[in-house]
Amino acid sequence: MNNICIFTGARPNFIKVAPLIRAIHANPRCRYQLVYAGPANDPTLEASLFSDLQIEPPTCFLGVDCQNLNELTGLVMARFEHYLNEHPADTVIVVDDLASTMAAAIVAKKRGLRLAHLVAGTRSFDITMPKEINRLVIDALSDLLFTAGIGASSIATREGADTSKIYLVGNILMDNLRYNRDRWTRPACLDGIADGHYLVLTINRRALLADQQKLLSLLTAILQTAGDVPVIAPLRSSAYALVTTLGAVAAVNSSSPALYSSLRAVPSLGYLDFGYLMLHARGVITDSGNVAEEATFNHVPCITLNSYTEHAETVQPGTNVLVGENPQRLSTELRRLLDGQWKSSALPDRWDGRTAERILQILVG
């Protein structure tokens with residue numbers, strides 16, 4: 001029996017491990033434990049999340065809830081080690097690049113457990129980013145590197161990882177999109193709006209939210225170019241409040257206040273509602289790599305408000321275009337999108353919705 005501990009550090013991790021959990025359930029040779037670094041009352045984990053993903057909630061909540069990354073790392077290491085003392089595992093799977101992910105990886109490796117990194121080999125090549133340090137440490141410690149694309153596999157090879165450790169399994173987010181394609185639910189925010197006749201805007205990056213003047217210039221570029229095309233912006237807590245306020249202030253100060261009426265900021269949506277919103281959008285504007293990946297799978301044009309992406313496959317052969325935080329470039333690309341002149345695209349290799357099957361086959365041997 002393969003006893004697998006799956007460690008998660010934030011809401012997006014659950015979406016990535018859900019296909020793997022469903023695959024383990026179907027395999028009598030495996031059993032799993034799901035551990036979450038945060039508290040059980042984490043506000044980002046809406047009540048419907050686990051039922052939407054059709055998985056059970058975590059076996060254990062470590063209850064770590066602090067902002068200082070070094071303090072968080074120490075607390076997660078101590079509590080995860082205590083958990084493993086009482087709940088032995090053969091393999092620990094960690095996801096992505098959070099400080100809590102790195103902490104769990106260190107604990108697992110010190111205990112001599114097999115360590116697998118899901119979404120390995122991603123790099124920004126900016127060592128000033130804390131997440132970049134986390135990625136380097138986790139990949140260096142891992143016994144199994146599960147990569148989403150050829151570029152990530154090449155990075156792992158260049159950094160000295162033994163090729164026997166590297167497995168190009170594809171993008172596991174696509175497994176969820178394939179699995180849930182007939183389960184999406186049309187959200188109420190689309191009442192009165194036809195499918196394919198709206199844009200989706202998501203903003204999550206702290207640095208962008210902290211620069212209100214830059215954010216306002218980007219919002220203005222979007223709304224001026226979009227005209228009467230509705231812009232649906234599902235946003236979390238502080239981002240929702242900020243964008244709503246900026247939109248209202250800009251409308252009052254603008255010579256064309258009607259311009260801002262097309263912006264429809266709404267509180268964050270449940271997983272199945274957001275999936276429908278993404279699938280049926282005319283186009284997507286985002287600062288999220290995960291959202292850009294989903295847009296590529298859905299063949300929906302995507303504009304990313306960043307100068308780099310950890311998954312180059314979304315740009316080539318995918319539907320994504322990077323514009324940084326430049327309002328002029330944003331407006332140019334959005335005009336091209338609305339005029340139906342977007343670039344041709346294709347699915348990247350192994351983004352076929354069967355990544356979890358490949359991972360499990362490797363884990364059980």
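Biologist: In S10, which residue is the bridge partner of isoleucine 232?

Modeller: This is a predicted model, in which local features need pLDDT of at least 70, side-chain atom pairs count only at pLDDT 80 or more, and totals for chains, interfaces and linings use all residues. Residues are numbered from 1 along each chain as its sequence is written, and side-chain values use heavy atoms, without hydrogens and water. Strand S9 (residues 231-235) pairs with S10 in the parallel sense over 5 bridges, where pairing requires at least two DSSP bridges, and strands are DSSP runs (E, at least two residues). Within S10, the partner of isoleucine 232 is arginine 264.

Biologist: Which are the edge strands of the open sheet?

Modeller: The sheet has 6 strands in parallel pairing, ordered S10-S9-S8-S11-S12-S13. An edge strand pairs on one side only, which applies to S10 (263-267) and S13 (320-322).

Biologist: Is H11 parallel, perpendicular or oblique to H12?

Modeller: Helices are DSSP runs (H or I, at least four residues), numbered from the N terminus. H11 (residues 271-279) and H12 (residues 289-298) pack at about 55°, their axes 10 Å apart; axes are lines fitted to C-alpha atoms, for helices over the stretch in contact, and angles between N-to-C directions run from 0 to 180 degrees. Angles under 35 degrees count as roughly parallel, over 145 as roughly antiparallel, 65 to 115 as roughly perpendicular and the rest as oblique. Therefore H11 is, relative to H12, oblique.
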